[in-house]
Amino acid sequence: MTKLSMTVNGKPVSGNVEGRTLLVDFLRQDLHLTGTHVGCDTSQCGACTVHVNGVAVKSCTMLAAEADGADVATIEGQANADGSLNVIQQAFQDHHGLQCGFCTPGMVMATADLLKNNPTPNEADVRHHLDGNICRCTGYHNIVKAVLAASGQDVDAVAAE
Amino acid sequence: MPKDSGIGASPKRREDIRFLTGLGQYTDDISLTGETHAVFARSQVANGIIKSIDTSAAENMPGVLAVFTGDDFVDVGGNPAGWLINSRDGEPMKEPKRPVLAHGKVRHVGDAYAAVIAETAEQARDAAEAIEADIDEQPAVVDMKSALAGGALVHDEIGTNQCFDWGWIEDNRAATDAAIKSAPHVTTLELVNNRLVPNAMEPRASTGVFDPGTGDYTLYTTSQNPHLTRLLICAFVLGIPENKLRVVAPDVGGGFGSKIYHYGEEALVLSAAKKLGRPVRWTASRSESFLTDAHGRDHVTKIEIACEKDGTFLAFRTETMANVGAYLSNFSTATPTFLHGTLMAGNYTVPTLYVNVKAVFTNTAPVDAYRGAGRPEATYSLERAIDKCAQELGMDPLALRRKNFIKPDQFPYAAAAGLEYDTGNYHALVDKLEELADLSGFEARRAATKATGKLRGIGVNTYIEACGIAPSNLVGVLGSRVGLYDAATVRVNATGNISVMVGAHSHGQGHETAFPQVVADMLGIDEGSIDIVHGDTSKIPFGMGTYGSRSLAVCGSAVVRATEKIINKAKKIAAHMMEASEQDVEFSEGQFSIAGTDKSVGFGDVALKAYIPHNFPIEDIEPGLEETAFYDPANFTYPAGAYACEVEVDPDTGKVTIDRFTAVDDFGNVINPMIVTGQVHGGLAQGIGQALLENCTYDENGQILSASFMDYAMPRASDLPLYTVDHSCQTPCTHNPLGVKGCGEAGAIGSPPAVVNAVINALHSGGHTDVTHIDMPVSPARVWAAMNS
Amino acid sequence: MYDFSFVKPGTVADAVTALASEDAQALGGGQTLIPTMKQRLASPAKLVSLTGIADMQGVSQSGGVLSIGGATTHAAVSAQAGGFAGLAALAGGIGDPAVRNRGTIGGSLANNDPAACYPSAALATGATIVTNTREIAADDFFQGLFETALDEGEIITAVHMPIPEASNYQKFEQPASRFALVGVFVAKYASGVRVAVTGASEGGVFRWSEAEAALGANFSPDAVSGLSVAPGDMIEDLHGSKAYRAHLVKVMTSRAVAAAG
């Protein structure tokens, strides 16, 4: 067993877990933060995306022990302090960038990661950045719109109909 | 009504709040006190005789509470086939038993033959590995043609690998054969409709609970239709009385058909929960999903189109082998027959046609309905062959279609495949497509692409589909063992807000937002005061669930009927409150009034009165304001569309890039345009995925070669373009109160032929006119091979 | 996964000591090892993380050689290897952003996946793979599918790559995995041209010597038009035939030359 402690969404947490405990399992089972999802077993779908020390990682492909001492951000910590949706979350709702919602936490976290490093991405940048996030419902069109909108760019030119 | 609410508006979705903040409750998110974990031992061979299973080592491992094998379920029913198909000779189809756990034989890689329940999932997995199964591997039956020719059997007791040999319409066969024989021109095309894995992003999960104090079972499960799941488990498999089983489908992360069906894991967790007196949970890994979720499509078809030299269609004839896999999944016999053969007339006035389908058992995962369910297969065969026919005749592909379209004044139209289409205007769809897709500008775009060294192609097609599934009487006659109605209860609460309990289930379709739009429109009250309840059999009336693009067409109609009953009763109450006669009561914008007077009462006042019935005519009206309606549709609904796809092909690598995609659809009336557009986007992505990327392949030993996202190419954002989508050409459905036709599957139905037509067109423009067809997925390797053969 | 103990040493020496025990395995970014362990195809009793070793982090450049610490992530190389644009672009195309934030060059080279990108860069630059005990030339390092010259417990501490005058990496992606179906790294030096191919061969990454000679004489895209790679050794699978891969080697080489800057 490994003792570990980390900050999750600004709060200090600790645990005593088996070495084989994945970060996603620690979040979901030990901390009951079930917003981070498991969608595959080959580290490709991105439904498990969280931020560790400020960068996006796939929490299904990281041991909880590797995050010892780290600053972890999950979907549950993204809303504003007053509980309202943050800019990215609001953009996804405004532009119907989600349907079943299962890939959505990963999409939001990946988008936050993108906009931190590239505040005004173009469509190709957005699609390329989401290479590691699979959605089966939306066909990505509205996700691209949502990300562009979240960056403050004009999406009216991004026509749907 | 204000523009941001009611029918035709696109209010933001309420369900987004929890999905965007990580507060969704999917089945694996739910944890229960004392829960245990199930892991299944699954066959690693495609066809094998189970000689013995030794579970003794597993039973003694740390944390293990129980081990089950097929022996534990011999007295329990099998997972039933939901639709009886008779062969052409009158013989009923073969229906071998599909047990909860494999017994006697394993019949596909992934077929579960044992289950371990332990305190933790890892302990269960450790123990599952310790189960010693002596399985005598047999030659695998994989290729359909070989399966029909004889040799190894998937189910020894039925003596054949042919499930049925179906003809439609048998009475037309002679006329069709004759028409083809004498036709001035016949186009023939052989094509494969590739096997797909639905791959909803949420893997399947089930948790079984048993309360020994009450004898009640609860099943939390990833289902598109909790009542149907309950019926199947209770009436056919475990024999639990329905009033002792509650099925809850909480938030579900996509289904696309794969979560319609009852699966053995559901029965197992319930049985295990009863035995242990503790909750038993199971969640599939993605690998397990690949092996065991019902796959889609997998047809091999030969189609013939007979026509005059001027392109007038004379007859269509198709022969199909349809893979049903190792066991019959619940709808697997309906998908290649009554959801496929009946669409073979397309949008056309062809006078006669004949469809033959042989359904084949193989040692592969069961195959069943997947987004489109039979209609993509029909559309693909027809629309690829029509393109080939156009090339052979030297005709423009759209002109050939227009020439044969059913005209707007011919509706209702009895098509040659037996369905009566209620309304449509295919000419208008194509006109709109020409405009939106700027078809006339294509040649200039082709020249511009050519200058970059690539080949540009354009593919067009139309489609019609039959959804809003389905009229019970009709499907009963055709062999369905269930009805296909739906239900809604509208419960007005004392303080005027409303709960609507619906049999439909939302796993991405936005029902929590769209259904209130309908009720708000009818009652003239604030949409925000209406809440939808779905997914829990203890709360909702018996509806058949969500698939087949039926939620609004069928359940939505039930909601309308129930709301009409509410209005009728409310009018009676209002009349009493205003001391007037019921006939004089008018209702508008949430107010009941008497014409020519200033008397009025609001809907809220009526609601309160209904629940506090003082000075109330209880001889004439019951207290309360809650009504239920069950709605059985009179017919299928018939959305139709016209699609155009433009591709660029890199001749050096064969890679196909979709440069633009235009989808013009007629869905009849549209309740929430934003949601409808989103449904089309998602369908297009799956259709393009089928056409270019996805393929579930088995080797000759029945091993899946594409059993993870490493080898099964899921469409990513960078594989797809922005889409142009239009649904302004509306011919409302004539037989349901909303006039809606349903939109959930159209994108996946109409898009594959457009893509493949475009690739062939591109190759032809580069001089490769000898290439008449490439089978899906049209991968870079296949394109390059076609160009260099 | 089977259970294991986890340690995260801060120095190479401590890592070497930890790896000396039976059934201990080095863990870089985990983007390959963790999925493998989840499938229960690997079961080390101890995992020794290398990502806590400061001496193994970082990108630096001196005397025309780019040096990368063995535990440096692909994202860091992509952002910091500006002096060697062809390599920075390669690193920026591995996997996806989240994978790039964890995956390391040392892990990639030590694993030697036949479709990985870094082996082609290492081979094309004639890199020196520095371990805790010795230096190994790239030409001697890659020994076949998932096979390298590393001994049990030997750690890649750094990779030194001579910076070419011009270079480019062209990857034709396998559409499902996004690994290289065929990936070609072309590196032009004053002393000649090196061409390394990944994704294509059953033997793993290899140098295409005929192309190297032709490009050394004439560094232009059509210098390889008369050449071909023998299909016999190429991989044949769901995603492409031997003949197709052989063809792509030529196409990607030509495109890499055209794009080399």
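Domain bounds here come from an automatic or database domain assignment. I am working from a predicted model, in which local features need pLDDT of at least 70, side-chain atom pairs count only at pLDDT 80 or more, and totals for chains, interfaces and linings use all residues. Residues are numbered from 1 along each chain as its sequence is written, chains are lettered from A and ligands numbered from 1 in the order in which they are written, and side-chain values use heavy atoms, with hydrogens and water left out.

**Domains.** I looked up chain C. Its assignment lists domain 1 (5–49), domain 2 (54–162) and domain 3 (166–260). I took the C-alpha centres of domains 2 and 3 of chain C and found them 19 Å apart.

**Contact.** I checked which residues touch, meaning heavy atoms within 4.5 Å. Domain 2 of chain C puts 24 residues against 19 of domain 3 of chain C.

**Buried area.** This is the accessible area (1.4 Å probe) that two parts lose on being put together, summed over both. For domains 2 and 3 of chain C I get about 1,700 Å², with 61% on carbon and sulfur atoms. Ser120(C), Leu123(C) and Ala124(C) supply 28% of what domain 2 of chain C buries there, more than any other three residues.

**Salt bridges.** I counted a side-chain nitrogen of Lys or Arg within 4 Å of a carboxyl oxygen of Asp or Glu. Two salt bridges link domains 2 and 3 of chain C. I also noted a salt bridge between Arg207(C) and Asp139(C), at 3.1 Å, N to O.
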